[in-house]
Amino acid sequence: MSTAADEPWASLLGVAHTLVTVCDSVVIMYFVAINTSYLVLILIALGEFVRALRRAPFAGHDEAATSPLTPPVSVIMPAYNEAAGIVEAVRAMLLLRYPEFEVVVVDDGSTDGTLDALRDAFDLAEVEYVMPDDVPVRGRVTSVHLPRGGPVRLVVARKDNGGKADTLNVGINLARYPLLCMVDADSILDSQALLSVAKPFCDDPLRVVASGGVVGLANGCTVVAGRVAEARVPPDVLGRVQVVEYLRAFLLGRTGWSKLGSLLVIAGAFGLFRKDAVVAVGGMDPDCIGEDAELVIRLHRHMREQGRDYRIVFVSDPISWSEAPSKLTILARQRRRWHRGLTEILLKHRRMIGNPRYGRIGLLALPFYVVFELLAPLVELAGLVLVPLGVLIGAVDVDFLWRFMLAAYAYAIVVSMVSVGVEEYAFHRFTRWRDVWGALVGVVVENIGYRQLTAWWRLRGMWDALRGAPQVWGAMTRAGFDSPGQERVSGGDRA
């Protein structure tokens with residue numbers, strides 16, 4: 001028999017029961033919505049791949065490679081403590097198939113002899129150089145170097161340390177050509193990658209202001225003379241999971257957004273921009289840790305406010321290979337930094353969110369990123385707490401628990417499997433069945449522990465941005481492409 005003293009507790013328990021029930025229902029609907037949205041983007045990407053495959057025989061790369069009308073490109077490579085691989089990286093860039101381009105390497109105050117390695121390999125000589133001021137820079141440029149003999153296709157500058165964005169701004173000022181290709185010093189480009197990513201500019205020179213290319217993972221791949229000779233799925237589980245992530249987000253997701261005219265992210269590891277457009281918006285933002293995506297959103301904002309007809313596109317054909325973190329500690333820093341960058345960008349451009357003035361960017365893309373990217377780790381971890389709590393207090397029955405598991409994890413596994421299948425159908429980069437099976441193993445493992453870990457790291461990144469914690473890239477320990485078993489430390493990953 002209950003007493004009057006028990007009534008407040010019963011009432012409180014009833015409120016908690018109702019609240020948990022409602023929250024659990026919201027969480028399950030959220031997971032259904034997010035996975036369905038990814039599936040829709042994948043299907044849109046599939047349609048685009050089918051059309052691209054039909055057009056491939058008529059792409060005209062041979063003509064573009066010899067045509068004097070192909071716009072010249074300045075390839076900008078920021079480098080910080082890349083002495084172990086910078087020479088091979090520059091040599092590989094100089095061998096890209098493209099009619100006219102230059103490579104601009106900007107050493108951001110390296111302390112490991114990066115400049116010395118370049119000087120010895122390319123016989124560099126310091127020259128007097130009047131630095132243009134197209135975009136503002138913070139770090140003082142201390143020297144500019146050119147090769148002593150032969151055609152001048154390489155420019156090397158050294159500056160005081162100031163971060164990647166400031167280093168890119170120096171490269172923008174040094175660049176002579178109308179198109180800017182921003183790549184990482186530790187990236188490997190396919191020989192025709194530059195031709196492919198420049199094609200939208202050749203096809204639609206008046207409207208295209210930026211194009212991005214696919215970033216693939218080089219972990220486990222066979223690399224010969226600065227080129228990926230054979231694509232492989234990494235042997236370790238952590239690498240396999242990241243392969244699936246990159247397929248779903250960097251290839252299929254961005255292809256879908258590009259088709260919708262709402263592409264917000266071009267990876268800093270491989271992107272091509274019209275120099276006049278970049279200069280018009282003031283170059284890279286050195287105060288934002290996600291400077292690559294921030295530049296793309298700023299270009300959207302500028303073009304919309306100017307009433308310009310423009311395009312920012314993603315090309316699924318070219319490949320830039322990058323080395324993914326092989327240790328949890330390095331991966332944690334990367335994901336924490338990525339989500340901090342996303343938070344800072346959305347806060348900076350919050351006036352665009354839901355604003356009809358910015359069209360599909362304001363009404364579709366940015367709200368999607370707020371709901372399904374920014375808040376995803378919060379909902380993921382909340383679900384892991386609320387559902388067991390609901391079972392404990394009797395607010396959730398076993399049938400609901402199964403529905404939650406199906407919506408949150410089984411559906412996500414199906415979406416990722418579809419991603420692997422679409423990639424294999426369209427590009428067939430993995431030639432061995434064991435690689436395909438390895439990717440499918442990554443699909444399953446991703447949802448058992450990995451997603452929960454990354455959700456925690458991303459939540460910490462959001463908190464770092466909200467409380468204004470100091471921005472720290474942290475060192476990126478890399479195994480390297482040509483030296484199995486040896487590790488090197490660079491200034492940070494840029495995927």
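Biologist: What makes arginine 298 count as buried or exposed in this model?

Modeller: Keep in mind that the model is predicted. Arginine 298 has a relative accessible area of 13%, and buried means under 20%, so arginine 298 is buried.

Biologist: And glutamate 294, buried or exposed?

Modeller: Buried too, because its relative accessible area is 0% and the cut-off is under 20%.

Biologist: How do you know that the side chains of glutamate 294 and arginine 298 meet in a salt bridge?

Modeller: The N to O distance is 2.7 Å, and the rule asks for within 4 Å, so the pair qualifies. Both residues lie in helix H9 (residues 291–306), four residues apart, about one turn of the helix.

Biologist: Which lysine forms a salt bridge with glutamate 294?

Modeller: Lysine 348, with the closest N and O atoms 2.9 Å apart. That pair links distant parts of the chain: lysine 348 is in helix H10 (residues 328–348) and glutamate 294 in helix H9, 54 residues apart.

Biologist: What about the salt bridge between aspartate 160 and arginine 140, what does the pair tie together?

Modeller: The side chains meet at 3.4 Å, N to O. Aspartate 160 lies in the loop between S5 and helix H5 (164–174), and arginine 140 in the loop between S3 and S4, so the pair ties together parts that are 20 residues apart in sequence. Arginine 140 is exposed, because its 54% is over 50%; aspartate 160, at 31%, is partly exposed.

Biologist: How do you know that the buried residues of H4 line one face of the helix?

Modeller: Thr114, Leu115, Leu118 and Phe122 are buried in helix H4 (residues 114–122). Looking down the axis of H4, these buried residues fall within an arc of 95°, so they line one face. Among the elements they pack against are strand S1 (73–79) and helix H3 (86–94).

Biologist: Back to burial: what makes arginine 274 buried, and which side chain does it make a polar contact with?

Modeller: Arginine 274 has a relative accessible area of 12%, and the limit is under 20%, so it is buried. Arginine 274 sits in strand S11 (residues 270–274), and its contacts include Phe201 and Arg308.

Definitions and conventions: Residues numbered from 1 in each chain as written. Predicted model: local features only at pLDDT ≥ 70, side-chain atom pairs only at ≥ 80, totals over all residues. Heavy atoms only, no water. Helix = DSSP H or I, 4+ residues; strand = E, 2+ residues; numbered from the N terminus. Buried < 20%, exposed > 50% of the residue type's maximum accessible area, 1.4 Å probe, protein only. Contact = heavy atoms within 4.5 Å. Arc of directions from axis to C-beta. Lists of a residue's contacts leave out its neighbours within four places in sequence.
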